[in-house]
Amino acid sequence: MSVQIDNSNQQVSIKFVTLVSIVAALGGLLFGFDTAVVSGAVGFMKERFSLSEVEVGWAVSSLIIGCIVGAAASGVLSDRFGRKKVLIAAALLFIIGSIGSAIPDTFTGYIIARIIGGLGIGITSTLCPLYNAEIAPAKYRGRLVALNQFATVTGIFLVYFINTSIANHSDEAWNIASGWRWMFGFGAFPGLVFLVLLFFVPESPRWLIKQGRAAESLPILLRIHGEELAKKEVMEIKESFKQENGSIRQLFSPALRLALIVGVGLAILQQVTGINAVMYYAPEIFKQTGTGTNAALTQTILVGLINFLFTILAIWLIDKVGRKVLLLVGSASMTVCLAVIGIAFHTGHTSGNLVLVFILLYVASFAVSLGPVVWVIMSEIFPNRIRGKATAIASMALWIADYVVSQTFPPLLSSAGPAITFWIFGILSLVTFVFTMRVVPETKGRSLEEIESLWSAKKA
């Protein structure tokens, strides 16, 4: 097969990879939008449907049931049908879920629609960073995969603005009757953009080689690496597949058991340190300090802004200082911030801006560390043949942890109180620091095949 592509200018290839990665990362925008949109709507829905505290948790966490199932199925489906086709299906599920969440007259109808949308989010949360990892050169893989997290926080930031704008459009009665519907329905627009753009990106070259379609992968790799490196990449990928049987059992072998522990452990710790309790319930947390509804929504925008800005910083740092350093600094800072927030609630010093300031510092610490870094590590530490299934397992663990936190947070907040709740998150942030220090390796600058051989070296 003869392919004539000019690769003399490295900037051209990086531009191509970046554009493709941005399109794939738009799945993260849907992820951020759909998980955060409920923060502005749940207060009005509580009044509309006369929800108990447990039902409020279910209104938030029902999406995550779909996410768990979507994440669990994403590995098998993408290994069989390809990353691109499954992402297209996920975009369709998201659109259906967004529209469906906006129109029901019963709480049950809303729950069903949210679970459908969650299926799409579970798939995109797993496959978008995985796709970017498989298509990116090692030198730029960290920041290109982190684009997914940047898109996620962009979605969160935008939805806070949208929620506030809709809530301010009319009075409380209108918001209870209709405002929350517009918040959910708006998500169909980014879903449609994502769906259309997916038709213009290539399939993952590693998946094509796995299917025995190396000739189809070569033009893609030529645009990424240039002729010499592309041919070398094809040979390395083929060789990595020869060395693996591709079964789930392989993950429990001595050579890869540590990879599974790292992937699943970080996935769970990312959630149980409390970030989505803050993201989903930010207005309700700020109301605990005596803040009114409108002021609470405004303060929530500040949370989104900090999350957005520090994720940009993480993208700049992740391929410079490395994954492990960011995790250590971030988790240490989160521990301190959560301890102070707990003390503020315990002593009653919540009338000023102390809680707001340390919540913003906590979000900044997460955004520069666990937010993007965990998704990057999950997408790059597993062997080629098993990557889809293994990443799905780690992603499913993440969503299960997210469900537990989002479902239990309202009852925990009302029973144990905010001080105990935030101290629990602080202890788990300290656990994250120790876990990272002891078992997480540095993967900066290594090719996916080199990372795979790293686990064998550690066993030896």
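Contact here means heavy atoms within 4.5 Å. With that in hand, here's a quick tour of this predicted model. The chain has 19 helices and 0 strands, and 60% of its 460 residues count as buried. Among contacts between residues at least 6 apart in sequence, 84% join residues at least 24 apart.

- Met334 sits in helix α14, which covers residues 323-347.
- Its relative accessibility is 0%, so Met334 counts as buried.
- Setting aside neighbours within four places in sequence, Met334 is in contact with Thr273, Tyr362, Ser365, Phe366, Ser369, Leu370 and Ser429.
- Look along the chain by 25 residues from Met334 and you get to Ile359; the C-alpha atoms of these two are separated by 9.3 Å.
- Tyr362, Ser365 and Phe366 from that contact list are also among the buried residues of helix α15.

**Helix α15**

- Helix α15 runs over residues 354-367, which gives it 14 residues.
- From first C-alpha to last, α15 reaches 20 Å, close to the 20 Å expected at 1.5 Å a residue.
- Because 10 of its 14 residues are buried, α15 is largely enclosed by the rest of the structure.
- The buried residues of α15 are Val355, Leu356, Ile359, Leu360, Tyr362, Val363, Ala364, Ser365, Phe366 and Ala367.

- Helix α11 spans residues 257-272, so to speak a 16-residue helix.
- α11 reaches 22 Å between its first and last C-alpha, close to the 22 Å expected at 1.5 Å a residue.
- How much of α11 is buried? The count is 12 of the 16 residues, so α11 is largely enclosed by the rest of the structure.
- Buried in α11 are Ala259, Leu260, Val262, Gly263, Val264, Gly265, Leu266, Ala267, Leu269, Gln270, Gln271 and Val272.
- After α11 comes Gly274, with a positive phi near 100 degrees.
- α11 packs with helix α16 (residues 370-380) at an angle of about 155 degrees, and their axes are 10 Å apart. That angle makes α11 roughly antiparallel to α16, since angles over 145 degrees count that way.
- The crossing of α11 past α16 is left-handed.
- On the α11 side, the contact uses Val262, Gly263, Leu266, Ala267, Leu269 and Gln270; α16 brings Leu370, Gly371, Val374, Trp375, Ile377 and Met378.
- Sorted by class, the contact of α11 with α16 has 9 nonpolar, 3 polar and no charged residues.
- Leu370 of α16 takes part in the contact with α11, and Leu370 is also one of the residues in contact with Met334.

**Arg83 in helix α3**

- Arg83 is found in helix α3.
- Is this arginine buried or exposed? Arg83 is buried, with a relative accessible area of 2%.
- Not counting residues up to four places away in sequence, Arg83 touches Ser78, Leu127, Leu130, Tyr131, Glu134, Glu203, Ser204, Trp207 and Gly388.
- Leu130 lies 47 residues from Arg83 along the chain, and their C-alpha atoms are separated by 8.7 Å.

**Helix α3 against α6**

- The axes of helix α3 (residues 83-102) and helix α6 (residues 172-185) come within 7 Å and cross at roughly 175 degrees. The pair is therefore roughly antiparallel.
- Ser98, Ser101 and Ala102 of α3 meet Trp180, Arg181, Phe184 and Gly185 of α6.
- By class, the contact of α3 with α6 has 3 nonpolar, 3 polar and 1 charged residues.

**Helix α4 against α5**

- Helix α4 (residues 107-135) and helix α5 (residues 141-167) have axes that come within 8 Å and cross at roughly 160 degrees. So α4 is roughly antiparallel to α5.
- α4 passes α5 in a right-handed crossing.
- α4 contributes Cys128, Pro129, Asn132 and Ala133, while α5 supplies Arg141, Leu144, Val145 and Asn148.
- In class terms, the contact of α4 with α5 has 5 nonpolar, 2 polar and 1 charged residues.

Terms used:
Residues are numbered from 1 along each chain as its sequence is written. This is a predicted model: local features need pLDDT of at least 70, side-chain atom pairs count only at pLDDT 80 or more; totals for chains, interfaces and linings use all residues. Side-chain values use heavy atoms; hydrogens and water are left out. Axes are lines fitted to C-alpha atoms, for helices over the stretch in contact, and angles run from 0 to 180 degrees between N-to-C directions. Helices (H or I, at least four residues) and strands (E, at least two) are DSSP runs, numbered from the N terminus. Angles under 35 degrees count as roughly parallel, over 145 as roughly antiparallel, 65 to 115 as roughly perpendicular and the rest as oblique. A crossing is left-handed if the near helix is turned anticlockwise from the far one by less than a right angle, and right-handed if clockwise. Ala, Val, Leu, Ile, Met, Phe, Trp, Tyr, Cys and Pro count as nonpolar, Asp, Glu, Lys and Arg as charged, and the others, Gly among them, as polar. The expected span of a helix is 1.5 Å times one less than its number of residues. Buried means under 20% relative accessible area, exposed over 50%, partly exposed in between (1.4 Å probe, protein chains only).
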